[in-house]
Amino acid sequence: MGYEIFIVFAKNRARQHAAPSANATQSGYARCELALDLLSSLAMICLRAFVALLLSLTLLSAQEMADLNAIHRIKAEGFQNSQIMETLFWLTDAKGPRVTNSKGYRDAAEWAIAKLKEYGLQNVHTEAFPFGTSWNWKRFSGHMIEPAYSPLIGFPMAWTPGTNGMIEGEAVFAPIRAEADFDKFRGKLKGKMVLTQDAKNVLPQTAPLGRRLSDKDLEDRAAGDPTGRGGRPDASTAGGAPPPTPEARAAATRFRTKLNQFLKDEGVAVSLQAGYNGDGGTVFAAQAASYKAGTAIPPPTVALTPEHYDRILRLIEHKIPVKLAFDIQTEITAPEDSFNIIGEITGTSKRDEIVMIGGHFDSWHGGTGATDNATGTSVAMEAMRILKSLNVPFKRTIRIGLWGGEEEGLLGSIDYVKKHYADRADMKLKPEFSKLDVYFNSDTGTGKFRGISVGGNDEVLPIFKAWAKPLRDLGFQVVLGASSAPLTAPGGTDHTTFDYAGLPGFGFLQEPMEYQSRTHHSNMDTYDRVQKGDVMQSAVIMAVFAYHAAMRDQMIPRKEIPAPKPWRAE
Amino acid sequence: MNLQKITALSLASMLAMPVFSQQKTGEEKVDLAVIHKIKYEAFQNSKVMETMFWLTDANGHRLAGSPGYKKAGDWAVKRMQEFGLTNVKEEKWGPFGKGWNFTHYEGHMIEPSYSPLIGFPLAWTAGTNGTVSGEPILATLANDADLAKWKGKLKDKIIMTDAAKDQAMIMAAPAKRWTEAELANEAMAPDPGLARGPRGGGPPPAGGGPARAGAPGDPMAAFMSLRAFRAKLQKFLAEEGPAVILQPGSGNSTGGTVFGSGGGGREAKDAVVPCTIALTPEHYNRIVRLINHKVPVKLEFNVKAEFTDAADSFNVIGEIPGTGKHKDEIVMIGAHLDSWHGGTGATDNAAGSSVMLEVMRILKESGFKLDRTVRIGLWGGEEEGLLGSRAYVREHFADSRTMKTTEQHEKFAGYFNIDNGTGKIRGIYLQGNDMVQPIFEAWLAPFKDLGATTTTIRDTGGTDHQSFDGIGLPGFQFIQDEVEYNQRTHHSNMDVYDRIQKGDMMQISAIVASFVYNTANRDEKLPRKPLPKPTPDRNFDGPPPAAAPATTGSITAAPAK
């Protein structure tokens, strides 16, 4: 333990003890601080040894303590001088969607880098990772011309091409479910607007679209299913379908590739789908092709609001001719690396040990990626801003990582972990492996942090509980996941990348809000869906956790180093 | 439902019949065999969703005076003839005013980052005459001072006339049905000390939507004052000539669901208001925020809208002639056929039109002997102020300005209307007519297990039964479940087929058919309230018709529907 850290620690303790009483304590605190400073200049060398001994004895027996003065200062900065909605404005409204490596991604990155430098961070830089083609979307205009005019609400799916101007065509229904169906439609789809899916059954919405967790919900989570990971709302409580198995996903991808090629070969004008979720003009959709160079490029592919998709299908069923028109402009570039964004507040006594916070910087493109994940990015950036503003010497270096390629499969964080720490495939540890203290991630929408999952790391439980205790009145109430099973694969979001490689990576439990019902990969994932008070709270808690990790005497305890295993179950 | 179950159902009904027949309220008789047949026809052979499809998906919107309205009217005539109705016709009334239609909308934010803009043009505003693009400016136009401030500064600009529309998280279910407690409350008479005024027929809006009216003092005065400013604003905009006027969608617009109706006058003398577009609030607000941050914004629009010369409009009428001693007496049912144009007018009011067509089909198909003649009226121009039904009652029954009644007025037995969306019937508004309460209670009794239980002395307003009520004829509208009416459909671009609840439509059809049968075959006509006094200045119980109804949130909250 370094001597200067003890001084900070002692000063903070002095402030804490001083806090409850009135004026006198101010001067008492000042006197104490002065005395400590004096002490430091007088008896530095002999004191150093003594203090180190005393402190290590004290801390070994002492309970984990939250630093109330630090929390007070973090809250003051985070709540009184918040910049987070400004950050969100620039990332969403001003820069637009940030599909990995797109123009929006690069513009936003340029802005974020300048901002991090403005905050006074050091070592702000990008780190490249291998990517593929990038995709830019420049125009969407869709219309039903016959039998009656209606504008069509929707957007093109990523990595699909444009129409080369406004094109018109007849809508046809081609329910192609398997390769065996190709023959049925061969030669019949040229120049057509092709609907390949069944009608969505739009139901009245009899539940609120927005949701917060009750105390009971939190208790249930904390009581915990040992298979649960925590940190992200699971399907049963968030209203979505259970995620498909990796095998099912891989099979679906293989079929989609073949279907794309078939539709392309048949000369389909535009391929139409209903959004996979949402209604009423809120359309959920992501990609219909891949960033990987050399994969099949389908015809222009559009996701529509289910009301418009279903109307076209009903008209076709009634044999009423449907004429549609689309004007879509997209751009697919040559393959190129993408990059993560890194910045630091350099530590002091243990500056080679790293506390890391982050979230993914990329988004899908239907909206402006506000809750997925401009919120996480803004929370991490705001936490760095708050921490920097405290102007205290952190023991450890605090580093921010804003990842690219998360939506394409955690590409940015996996590359980073492989390069700096370890490749899970061989588990040959790099020197930095032992120096990464902890990673905290934010990526579950706009809802405030209600807890944190320890991901099966029992030793962390009392530590996080101690830090969480003073945050209860902010709604930060549970530390869960002590019995979580080890990850079988990384997935969901970027802290799983760290966890999978044997590093302490944690995600927060957030309010579900409208994430599943309205925003997650939808065209309505926009600034208006962000709840200001919630993201302010999240930034403060992120800062509190980073602060305590950076100031803690010891690093965060780790689980055992896992055996080598492939990154993807394919 | 399979055959075995149908047989079981029939047996059960027959067994139950003698018991029910003895349950009379006063002298009011209900023929349960007829109710059974009606339910069978309405539930087993329903055509209501097919009618709905043709009126919405196939036809598109039915804005009064538009080609879509005419097409739907012609289709309804054909449909009535197929159902075997007689005296089927499009009955003219007028003048309506200029017709309007839109055949193209596209909107884009080009800079600082591309996004399509979800919205649609407001009715009776101009197109853009090709693609227009430019940098939008904020120009709030909310009062006379604003108009003075911006005079001479808006020519060819894309202007945004409203503040950002805050978007709250949706913490209440958008779809809502009446609870038993709410119905019990609705069944209670209103505080007699409260000023009488028309109100909506649905339950209180779900999800904390904007309150109705809410203006302190006389809501009518507030409405008239808003409308006067609106007329002035439209004239101002026509003179100033901005390229495009942008507004956030009104009411509960959110998430790509955009509420909007008319933006300009339809009378021949009205100057044409420039292209006015309602956008989803997320897109509107984004542009406002960018402008406030001085980030250059470039927008692009292409709207094709066309006006046709001022002309008459029409209602669609058809009959099943009575065969008894009262065959020269008339029972009427109706619903408005016209709609707004953002969606396809499914819940407002293809729902009512489809149900009423279905009721006529059920009555005809069941082969009932009807004492009185049953007539259907599908009204035009409802959205512009109950124009079609008002013209009809003036022509056939009485002019409320003089209250000189016709012979047909004397022979009129009753009118039933449907115009509150897709939600099933939960009861009926008695419109202050105490004498019909025991009658309607008896008529509702067989539908208890279908959720229709409540009679309330309260009035409901905002639609065509008021035209009848206003001249002393017994005209009624039902209590319906709101479902998503206020939250998603009523005058929105998402008022489409998918929002229609099939089971609810079938239930409504059965209940209305039974009410019509009962009215047609009752010994006496329905009892009436005393004739109202002539109202030379204001001729019906609602806002006077003139310019197209307003589109901003504050104005749609006025008493008119």
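# Chatting through a predicted two-chain model

Chain B has 16 helices and 17 strands, where helices (H or I, at least four residues) and strands (E, at least two) are DSSP runs numbered from the N terminus. This is a predicted model, in which local features need pLDDT of at least 70, side-chain atom pairs count only at pLDDT 80 or more, and totals for chains, interfaces and linings use all residues. Residues are numbered from 1 along each chain as its sequence is written, while chains are lettered from A and ligands numbered from 1 in the order in which they are written.

Reader: What average pLDDT does chain B get?
Author: pLDDT is the predictor's confidence in each residue, from 0 to 100. In chain B, 87% of the residues score at least 70. Residues 1–25 of chain B are below 50, and residues 198–215 of chain B also stay under 50. The chain B average is 89.

Reader: How much of chain B is buried?
Author: A residue counts as buried if 20 or more other C-beta atoms lie within 10 Å of its own, exposed if 12 or fewer, and partly exposed in between, with C-beta atoms placed from the backbone. Chain B has 561 residues. The buried share is 56%.

Reader: How many residues does chain B bring to the contact with chain A?
Author: Contact here has two residues' C-beta atoms, placed from the backbone, within 7 Å. Among the elements of chain B that each supply at least two residues are α3 (48–58) and α8 (281–292). Chain A puts in 48 residues, and chain B brings 48.

Reader: Which strands are at the edges of the 8-strand open sheet in chain A?
Author: Two strands pair if DSSP finds at least two bridges between them. The sheet runs β3-β2-β9-β5-β6-β7-β8-β4 with mixed pairing. An edge strand pairs on one side only, and here those are β3 (150–151) and β4 (154–156) of chain A.

Reader: Which residue of β8(A) is the bridge partner of Phe155(A)?
Author: Strands of a sheet pair through backbone hydrogen bonds, either parallel or antiparallel. β4(A) and β8 (residues 301–304) of chain A go antiparallel, over 3 bridges. Phe155(A) has as its partner in β8(A) Ala303(A).

Reader: How far apart are the end C-alpha atoms of α12 of chain A?
Author: The expected span of a helix is 1.5 Å times one less than its number of residues. Helix α12 (residues 370–390) of chain A has 21 residues, so it should span 30 Å. That agrees with the end C-alpha distance in the model, 28 Å.

Reader: How many residues of α12(A) are buried?
Author: This helix is mostly covered. Of the 21 residues in α12(A), the buried ones number 19.
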